[in-house]
Structure formats: structure tokens, C-alpha cells
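Look over the sequence and the structure before reading on.

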Amino acid sequence: MAAPQSSSWSDLRPELLGFVLERLPSLADRVRVRAVCRSWRNNAQLQLLPPPLPWLSLLDGTFLSFPSGEIHRMPLPGDARYHGSFDNWLFLAHSDGGCSLMNPFSKTMLQLPKLATMWPHEMGNPEEHPVFVKFVGPSSLDVSPDSLLAAMIVDGSRRSGICICKPPVATDKLRKNNFDHIYDVAFFQGKLYALISGKLIVLEIFEKHKRQPKISSIRCVSDNICDLTIADSYDGRYFCPTWEYLVESAGRLLLVVRRVGILLPLPQRDALQHGRTLSFEVFEVDLTSSSCGQWRRLGSLAGQALFIGTYSKSVPAAECGGLPHADCIYFTCDYAGTCRGPPPDPLRDSGVFNMRTRMVTPLLPETTTVVRRAAQGCPTWFFPSGAV
């Protein structure tokens with residue numbers, strides 16, 4: 001009788017390997033599986049997997065896996081400084097004044113207009129007066145030289161503007177002064193929406209000859225954002241400023257309102273460093289012709305999970321196996337950059353808000369520690385592609 005033949009791990013059938021990979025929401029774990037042997041690496045490339053969970057990126061190039069808090073570091077070009085992320089792209093500013101988007105895995109670079117072109121103001125010392133740039137696009141994962149991008153820019157003097165780009169060229173601008181501030185922007189159904197001083201504005205963008213998109217019209221959709229009420233009430237112990245975000249979520253345009261509480265009496269300096277997020281409210285805007293501009297409060301996210309911060313995104317919770325619950329808002333501290341003095345802990349006031357229980361729980365394990373950084377800035381959500 002012939003002895004039974006033993007099979008090695010490299011002989012694992014592709015469908016079983018896919019079964020394993022589907023249950024690994026962490027990109028780092030998927031990469032480790034692919035590195036076991038050539039057979040696994042080749043078969044892993046054939047699998048159709050849900051996107052991995054996002055990472056948190058810090059200004060020094062450190063990345064934190066979510067929700068484990070595992071630290072990863074990836075090299076950046078020697079002449080570049082990291083200034084934030086846009087889906088699976090890093091926004092880099094170079095020593096010669098140039099800007100680019102870089103995919104840190106494929107090393108693909110997309111040249112952008114110089115910051116001085118997008119923001120023709122005296123910028124001063126970036127440590128004392130940082131310039132914040134947020135990029136959005138109709139399709140964030142398929143960015144190419146033919147892509148339409150919009151950049152929201154805010155400086156330390158609270159001047160703000162929107163720059164329309166067709167990389168590597170800036171094709172149009174909308175500027176606002178200190179008294180008419182731009183808070184957030186998002187593309188929805190091919191149009192650019194902006195939160196400007198309590199109003200929801202839609203910017204129609206038309207691509208003229210020579211493929212140079214221009215702002216063709218600006219229209220107010222809703223002027224009553226400041227009148228929206230917050231469901232939770234507090235006993236007067238807190239001063240409660242709010243932050244607003246625009247997010248496209250499963251075919252809906254959402255307004256996410258974040259309430260931050262600061263215990264009274266207020267500190268004399270850097271009060272925001274003592275703030276803690278208390279709650280969120282989510283509203284959907286009605287853009288139909290009959291009741292355009294009306295807001296409806298939502299009690300759930302219809303199976304979505306929201307990642308909120310300097311870059312925000314909605315993802316189906318069912319596709320992210322590592323998320324414990326749907327209808328949750330995962331948030332970072334995106335207002336610490338407005339504080340003076342030493343940079344605060346980049347992980348402070350980050351957490352998970354459950355819309356069903358209205359409770360806030362920690363975002364990362366308590367064992368996660370990050371040394372304070374020399375540069376001001378906020379952690380940013382980074383969404384790595386599964387094809388690494």
C-alpha cells in the first residue's frame with residue numbers, strides 16, 4: 001500500500017486562500033499572507049476582496065493600522081513633506097514649492113499646481129500659520145492627469161478658498177475673506193458642494209475648450225444650517241462649539257455635525273486642547289426640486305460607516321470585517337492644528353460614536369502611544385487600496 005502523500009501549505013487551494021483573506025480586514029495581515037510563498041502571492045492576486053480597513057496617517061510619515069494601532073512607516077521622497085491624504089493618495093509639498101499626490105505603495109506620482117499658484121497669499125512661517133489643503137474629486141480612486149480635482153485651502157489667518165485643478169494646472173479659484181469662511185467641500189453627483197458660513201453652496205463646473213474646467217455658476221441650496229438643532233442637551237457645564245462636515249454616503253449628501261465640549265470655566269489659553277467630542281448629529285439634504293434645501297435628521301447610517309476628519313469618507317460596514325458595528329462614526333481630532341503652542345497629542349479626542357447607543361468609545365487600543373511631533377497638524381484617514 002502506498003504511503004499517503006502529505007501536501008505543503010503552498011498547495012492550499014485558491015478558494016481556501018480567498019476564504020482566509022476575506023477574514024483579514026487589515027492590509028498588513030493580507031501582505032503577510034501573500035509573502036508566505038510565491039504560490040500564495042500569485043493566487044492572492046486573483047481574489048476579489050473587499051477593501052481593507054483604513055489607516056491613520058501622521059505628518060511625520062507614520063501610519064497606524066486601524067483598529068489594532070500597529071505602527072507602519074513608509075519612506076517619502078527626500079525633498080517632500082507630508083501634508084495630508086486623499087483616499088489612497090498622500091499630499092506632498094516639495095522643497096521647490098511644487099506639490100504632488102503620491103501612492104505610497106505603487107510610488108505613482110501626480111504633479112499638482114504649486115501651492116503659490118493655488119494660494120497667492122503671503123503664507124509666512126508655516127509653523128506659526130499653517131496652510132491646510134484638502135483635496136476632493138468626483139472619483140478619488142481613479143486619479144489621473146485627466147482628473148478633475150478641487151482643493152479647499154485655509155490659512156492661519158482664516159482666509160479660505162477653493163481651487164479647481166486639472167493636474168498639473170490650476171484652472172479657476174473661489175476666494176473668501178475672514179468673515180465668509182469655507183468649512184468643507186465634497187463632490188456629489190458630479191457637482192461640488194461647499195459649506196460656507198452656515199450655507200450649503202453648489203458650484204457648477206463646466207469644462208470649456210482646451211479642457212480647462214471653470215466655475216460656471218454658484219448657487220445657495222440651503223441657508224439654514226445654523227438653525228439645525230442638536231438632539232443631546234447638556235447641563236451647562238460645557239462650552240460646546242460645533243464642526244460641520246460634508247460626506248457623500250450611498251447616494252446621499254450628508255451633513256455631519258460634531259459637538260465638542262470644553263468644561264467651564266474656559267482655560268485662558270488653547271481651550272480647544274481641553275475639548276472632548278460629546279456627540280454627532282447626521283442630516284440628509286433634500287435636493288429634489290419640490291423641497292430643495294430641506295434637512296432631515298437621520299437615526300442611522302443605513303449600514304454605512306463614516307470616517308470623519310480632515311478627509312472624510314463613507315464605506316459599507318458589511319465590507320469591512322474588522323468593524324464591530326454599523327451605524328458608527330469613526331473620528332479623529334481635526335481641530336488641534338488651530339491651537340497655539342506645542343503640538344498636542346495627535347491621537348487626542350479620537351474615538352467611535354455609535355449612533356444607536358449615542359456612546360463614545362476609544363478609537364485605538366490604550367496601549368497605542370505616539371510621541372508628540374515637532375510639526376503642527378492632525379491625523380488623517382488614509383484608505384489603502386487592496387491591490388498592493
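Q: Which side chain does Asp87 join in a polar contact of 3.0 Å?
A: This is a predicted model. Asp87 is found in the loop between strand S4 (80–86) and strand S5 (89–94). From there, the Asp87 side chain has a polar contact of 3.0 Å with the side chain of Lys313.

Q: Is Asp87 buried or exposed?
A: Buried means under 20% relative accessible area. Asp87 has 0% relative accessibility, so Asp87 counts as buried.

Q: Which side chain of opposite charge is nearest to Arg348, and how far away is it?
A: Arg348 lies in the loop between strand S23 (328–331) and strand S24 (351–354). Arg348 is buried, yet it has no salt bridge. A salt bridge needs the charged atoms within 4 Å. The nearest side chain of opposite charge is Asp349, at 4.8 Å.

Q: Which residue has its backbone oxygen 2.5 Å from a polar atom of the Arg348 side chain?
A: Leaving out residues up to four places away in sequence, Arg348 touches several residues, including Leu272, Gln273, Cys333 and Tyr335. His274 and Arg276 are also among them. The backbone oxygen at 2.5 Å belongs to Gly275.

Q: How many helices and strands are in the protein chain?
A: The protein chain has 388 residues, and 48% of them are buried. Its secondary structure comes to four helices and 26 strands.

Key: Residues numbered from 1 in each chain as written. Predicted model: local features only at pLDDT ≥ 70, side-chain atom pairs only at ≥ 80, totals over all residues. Heavy atoms only, no water. Helix = DSSP H or I, 4+ residues; strand = E, 2+ residues; numbered from the N terminus. Buried < 20%, exposed > 50% of the residue type's maximum accessible area, 1.4 Å probe, protein only. Lys, Arg positive; Asp, Glu negative; His and termini not counted. Polar contact = N/O pair within 3.5 Å; in protein donor to acceptor, adjacent residues only side chain to side chain. Contact = heavy atoms within 4.5 Å.
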